[in-house]
Each structure stands twice: as structure tokens, then as C-alpha cells.
Amino acid sequence: MKALSWGFAGGLLLCLGVWKREALFPSETTKVRNALVQLASDASFGPSEGNIGAVRRVAAVADRFAPDASIEVDILGSGNFQLTGRDEVQQRLMAARRFVRKLVLQFHDIVVDLGADETTATVHLTATADAVGEGRYQGGFDALEFELALRKVEGRWRIERLRTIPTLKQ
Amino acid sequence: MDPSADKSPAPWWRVVVVGRNPRVTAIRLLVTVLLTVLAFQYVFVPVRVTGISMSPAYKDGERRWVSPLLARLQGIHRGDVVSIQTSGRQVMYLKRVIGLPGERVQIRKGDILVNGDTLEEPYILNRSPAWNWPTNGTERLLGPEEYLVVGDNRAMPMDSHYFGVADRRRILGKVLR
């Protein structure tokens with residue numbers, strides 16, 4: 001009985017230690033995951049957000065991309081988008097904001113494959129978006145699979161390449 | 001003299017928390033957790049349907065079970081509804097298997113042709129004649145591990161309906177009726 005109690009307490013302490021260590025000293029994998037979750041949060045907004053908030057939010061999203069980032073996104077029913085560079089990302093996001101009143105972007109199943117040098121990472125994730133807007137921006141999308149290449153520059157993980165992966169082949 | 005008479009009975013709170021025999025309780029707990037994890041990982045995976053692409057058989061908001069074990073034991077057949085993994089299991093596609101490995105498939109004016117023959121599909125209510133796939137007008141030969149999967153709601157525009165060829169490794173399991 002005593003041995004069991006000690007075993008149980010030891011297991012609990014071990015779990016707590018692992019969790020606290022990850023919370024206090026996150027691994028690079030956790031940092032990448034956290035950066036992407038924050039990106040999804042920054043990209044989401046409600047209908048009551050004003051212009052200053054919108055500018056700040058778009059800047060925060062664009063800041064997650066490398067200056068020479070390349071983006072290739074194919075959204076069913078909305079078409080294909082190709083962007084190059086952080087500035088273009090910022091401009092296109094700002095332009096899109098005029099047609100979208102509300103956006104909830106979520107990333108699921110984030111799979112991080114960290115490079116050997118721990119300064120590069122390849123990420124696979126599935127994004128869902130619920131949007132209220134005009135024209136092709138209405139409705140968002142159900143599930144889109146993405147592949148991202150990230151690089152750690154000056155302590156921050158930034159997206160260098162982002163492209164959609166077809167779940168089903170044509 | 002009974003040796004157990006010397007021992008004082010365990011306090012009631014300990015009996016409530018770990019039972020009369022903690023070792024048996026620990027083993028029971030371990031087995032229960034293990035069986036539950038295995039069951040929800042390989043036997044029954046709960047899913048919630050979102051969207052209208054599988055209407056009318058599967059409605060938006062419905063809860064269903066997917067069985068990876070059943071797909072492994074019985075195999076995947078034409079007409080089965082399967083769940084297709086994306087980068088994981090949190091978000092998956094629910095589609096009906098239309099074409100099997102090695103078959104020649106095509107969608108012409110809304111009709112599915114398998115090896116040149118029109119497929120009877122009683123689960124479809126309405127179909128749009130605007131559906132044509134592949135877009136180059138030829139047949140698509142499915143590879144040894146490839147399945148053509150399409151949703152039941154063929155009344156919706158083809159460019160708003162996600163369908164195509166799924167690799168076997170992407171198919172998690174069959175949806176239970």
C-alpha cells in the first residue's frame with residue numbers, strides 16, 4: 001500500500017515536472033506550435049473591430065512572415081492566390097479586410113518536424129476558417145491542409161514558405 | 001487467533017478512493033484506461049459531421065462513429081462511407097467510395113462511369129449535369145492504393161464540392177451506419 005502511494009505520488013510529480021518544464025522552458029517544437037496558434041489568433045477578428053485594430057492585427061500577422069516569404073494557396077471555390085514577400089502579404093490582407101466582417105481561423109493537428117540545427121522547421125497543419133463577408137470571402141473554408149517552412153531568425157520563428165497540400169488528388 | 005484481527009480497518013476515504021484492495025484497483029484502472037485508449041484509437045472514433053457535402057445521408061451537426069478496425073478487417077468496398085485524414089484526426093473529410101484500385105473512373109454529365117459502365121447510386125437525390133471529371137474529358141486510372149471518393153450531395157456546384165482520389169493511408173476507417 002505504502003509502495004503504491006509512493007509510486008502514485010512519484011508519477012504525479014513526474015507528470016507535473018514534465019508539464020512545468022515545458023511551460024517554463026518550452027522546446028523549439030512547442031515554440032513553433034505556439035507561434036502558429038498565435039498567428040491564427042492574430043488573424044481572427046470580430047465584426048466590431050475598428051480600423052486601428054485592423055491595421056495592428058494585419059501588421060502582427062505579416063510580422064510572422066519572413067521578408068521574402070512565398071505563399072501559394074488554393075482555396076476550393078475561391079481560386080488560387082500567390083504572394084511574394086511580407087509587404088505583399090500585408091497589402092493583400094489589408095485589402096481583403098474591406099470585404100470580410102468577421103473571421104475565425106483555427107489550426108488543427110499541427111505536426112512540427114524540426115530540422116537538425118533547430119533553426120528550421122517544416123510544419124503540416126489543417127486550417128479551418130469561418131468567415132462572414134462579401135463574394136468569395138463569405139463562408140471561409142472547411143478544411144485546408146498546409147505545409148509551411150519556418151526559420152528561426154533573431155529568436156523568432158518566421159514563415160518562409162506556405163502552400164496548400166491537396167488532401168485528395170485530382 | 002486470526003492474524004487479520006490485528007490490522008485496523010482502512011479509513012473510509014481510502015476505501016472510496018483506492019478500494020479495499022489498492023493493487024486490484026490499480027490493475028483495473030490500468031486495464032480500463034488501456035482498453036479505452038485502444039477502443040477510441042482503433043475501434044470506434046467519434047466524429048461530428050459538418051457541412052452539406054454528404055447530404056442527405058449525413059446531415060450537418062450529426063454525430064457518427066468511424067471504425068478503423070472494420071476497414072482493416074472487412075476491407076473498403078464501393079459504397080462505403082469513409083473518413084479521410086488531413087494532417088491528423090481532428091478534422092477529417094467524410095466521403096463515399098466510388099472507385100476502387102485498378103478501376104477506370106470518370107464523371108460525365110453527373111453520372112459516374114466505372115470501367116465504362118454507369119454506376120447506380122440510390123443514395124443520391126439530385127445530381128447536377130454540370131459535373132465532369134477529370135476536366136480533360138478522359139478516364140482516370142486508379143493506382144493500386146487509390147480510391148475515388150465523392151460526397152453524396154451532387155446537386156451543389158462541382159467547384160464548391162471537394163472530391164478526388166484518396167490514398168489508402170489517408171483513409172482512417174469506415175463510418176458505421
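**Stop 1: a sheet in chain B**

Select strand 1 and strand 2 (residues 63-67) of chain B: the two pair in the antiparallel sense over four bridges. Strands here are DSSP runs of E, at least two residues long, helices are runs of H or I of at least four, and both are numbered from the N terminus; two strands pair if DSSP finds at least two bridges between them. Zoom in on B:Arg48, whose bridge partner in strand 2 of chain B is B:Arg63.

A word on what's loaded: this is a predicted model, where local features need pLDDT of at least 70 and side-chain atom pairs count only at pLDDT 80 or more, while totals for chains, interfaces and linings use all residues. Residues are numbered from 1 along each chain as its sequence is written, and chains are lettered from A and ligands numbered from 1 in the order in which they are written.

Now widen the selection to the seven strands of this open sheet in chain B, in the order 1-2-11-3-4-9-10 with antiparallel pairing. Its edges are strand 1 (45-48) and strand 10 (164-167) of chain B, each pairing on one side only.

**Stop 2: chain A overall**

Switch to chain A, which has four helices and six strands. Follow the chain along its sequence and you pass α-α-α-β-β-α-β-β-β-β. The C-alpha trace of chain A spans about 65 × 40 × 35 Å along its principal axes.

**Stop 3: the core**

Which residues touch the most other members of the largest nonpolar core? Pick A:Val123, B:Val82 and B:Val149, out of 52 residues in that core. Such a core is a set of buried Ala, Val, Leu, Ile, Met, Phe, Trp, Tyr and Cys residues joined through C-beta atoms within 7 Å; buried takes 20 or more other C-beta atoms within 10 Å of a residue's own, with C-beta atoms placed from the backbone. In chain A, 21% of the 170 residues are buried.

Center on A:Val123. Beyond its neighbours within four places in sequence, A:Val123 is in contact (C-beta atoms, placed from the backbone, within 7 Å) with residues including A:Val32, A:Leu36, A:Ile110 and A:Leu150.

**Stop 4: where the chains meet**

Finally, show both chains: the contact takes 18 residues from chain A and 23 residues from chain B. On the chain A side, strand 3 (100-114), strand 4 and strand 5 (141-153) of chain A each give two or more residues. Strand 4 of chain A has the largest share of that side, four residues.

How values were computed. A residue is buried if 20 or more other C-beta atoms lie within 10 Å of its own, exposed if 12 or fewer, and partly exposed in between; C-beta atoms are placed from the backbone. Two residues are in contact if their C-beta atoms, placed from the backbone, lie within 7 Å.
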